[in-house]
Amino acid sequence: MTPADLSRTVLHAVRRAVDENALRAPVPARVRVERTRPGGSGDYACAVALQLAGPAELPALEVARILRERVAAEPGIGRVEITGPGFLSFTLDAPSDSDLAVLHAVREQGIAYGHGGALRDEILQFHHAREVRAAVTAHAVRRLLGSQGARVRITCQEAGDPEWSRLGVTIDAHGTPPVPLPRIRPVPAGATAGELLERLGADAVRWGLLRPAGHDRAPLGDDLLVQGEANPLFRVRYAHARARALTRGAAALGFTSAADAAPPEA
């Protein structure tokens, strides 16, 4: 279960509690879950009970108890505890057989995992304005569809910004298409590629532009550069750096990533 899965599970529990009249409060649009902080218990925690206590006119601990019994029975949840004034702390189940099957498939298929031929007979074309977020989104769409075998053509209303190449973005043609085409038009970034790259760098720009839904404004502030656990981009980069360091250390000791590899001789 991923943090996004857990967030949806908790949100579903809130909806159930409201539908069953156990809780009288507006259902939030989303529920935020975070890694448990040092000294806490469980894998993840959330403060939704404190958020709902006021509107529900109930103590936060009572709201937490109402939600705990509804979350605890969900698949993937090992244990739910109430800590402090009403925080919910979640311990996830150990990986299931289906989870292990996914891990084995990833190991066997390598970088081909997730690729397929379901769209191999499709020829798709998309159009977008000369705007950096639209260009980066279109490039991501191209890669996703291409991974399933589709042939994808991306056109832009005007000639592309030369700075887009620093983000890995290319377009196939520019100008007004002769027939209407599906348009990719997320909420604009509000800055040019050059301005964003100078301030944030390519990794943070791509992350900041793609992580939110297209209808939401992209957060492109200095928070993207914060070197701390609260920044999801930092967590991804840190995990990647640690995995690479582990691989280098293993190679130096004579180990490889193959499961059946023979151990090094003493």
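Arg-70 reaches out with its side chain to the side chain of Glu-20, making a polar contact of 2.7 Å. Bear in mind as you look that this is a predicted model. Arg-70 has another side-chain partner too: a 3.1 Å polar contact joins it to Glu-69. The residue itself sits in helix H3, which covers residues 60-71. Buried or exposed, then, is Arg-70? It counts as buried, because its relative accessibility is 9% and the cut-off for buried is under 20%. If you set aside the neighbours within four places in sequence, Arg-70 is in contact with Ala-13, Arg-16, Ala-17, Glu-20 and Ala-22.

Several of those names lead us to helix H1. Helix H1 spans residues 3-19, and its axis comes within 9 Å of the axis of H3, the two crossing at roughly 115°. That angle makes H1 roughly perpendicular to H3. The H1 side of the contact is made by Thr-9, Val-10, Ala-13, Val-14, Arg-16 and Ala-17, while H3 brings Ile-66, Leu-67, Arg-70 and Val-71. As for handedness, H1 passes H3 in a right-handed crossing.

Follow the chain on from H1 and you get to Asn-21, in the loop between H1 and strand E1 (34-35). Have a look at its backbone: Asn-21 isn't a glycine, yet it has a positive phi of about 65°. With 46% relative accessibility, Asn-21 counts as partly exposed. Glu-57 is another non-glycine residue with a positive phi, here near 55°. You'll find Glu-57 in the loop between helix H2 (48-56) and H3. Its relative accessibility is 72%, so Glu-57 counts as exposed.

Now jump ahead to helix H5, residues 132-146, where Ala-134 is found. At 3% relative accessibility, Ala-134 counts as buried. What does Ala-134 touch, leaving aside neighbours within four places in sequence? The list is His-128, Ala-129, Ile-184 and Pro-186. Arg-185 belongs in this picture as well: 51 residues separate it from Ala-134 in sequence, but the two C-alpha atoms are 5.6 Å apart in space.

His-128 and Ala-129 turn up again when we move to Gln-157. Not counting residues up to four places away in sequence, Gln-157 touches both of them, along with His-127, His-174, Gly-175, Thr-176 and Arg-183. One of these, Thr-176, is joined to Gln-157 by a side-chain polar contact of 3.0 Å. Gln-157 lies in the loop between strand E6 (151-156) and strand E7 (173-174). From Gln-157 to Ala-173 is 16 residues in sequence and 8.7 Å in space, C-alpha to C-alpha. With a relative accessible area of 30%, Gln-157 is partly exposed.

Helix H6 (residues 193-200) packs with helix H7 (residues 202-210) at an angle of about 120°, with 7 Å between their axes. The crossing in which H6 passes H7 is right-handed.

Leaving out residues up to four places away in sequence, Asn-231 touches Asp-223, Leu-224, Leu-225 and Val-226.

How many aromatic pairs does a search of the whole structure find? It finds one. The rings are those of Phe-234 and Tyr-238, with centres 5.7 Å apart and planes at 25°, so the pair is stacked; the cut-off for stacking is under 30 degrees. Both residues lie in H8 (residues 232-252), and they are four residues apart, about one turn of the helix. Tyr-238 is partly exposed, with a relative accessible area of 47%.

Key. Residues are numbered from 1 along each chain as its sequence is written. This is a predicted model: local features need pLDDT of at least 70, side-chain atom pairs count only at pLDDT 80 or more; totals for chains, interfaces and linings use all residues. Side-chain values use heavy atoms; hydrogens and water are left out. Rings of Phe, Tyr and Trp (its six-membered ring) pair if their centres lie within 6.5 Å; planes under 30 degrees apart count as stacked, over 60 as edge-to-face and the rest as tilted. Buried means under 20% relative accessible area, exposed over 50%, partly exposed in between (1.4 Å probe, protein chains only). A polar contact is a pair of N or O atoms within 3.5 Å; within protein, one must be able to donate a hydrogen and the other to accept it, and residues adjacent in sequence count only if both atoms are side-chain atoms. Contact means heavy atoms within 4.5 Å. Axes are lines fitted to C-alpha atoms, for helices over the stretch in contact, and angles run from 0 to 180 degrees between N-to-C directions. A crossing is left-handed if the near helix is turned anticlockwise from the far one by less than a right angle, and right-handed if clockwise. Angles under 35 degrees count as roughly parallel, over 145 as roughly antiparallel, 65 to 115 as roughly perpendicular and the rest as oblique.
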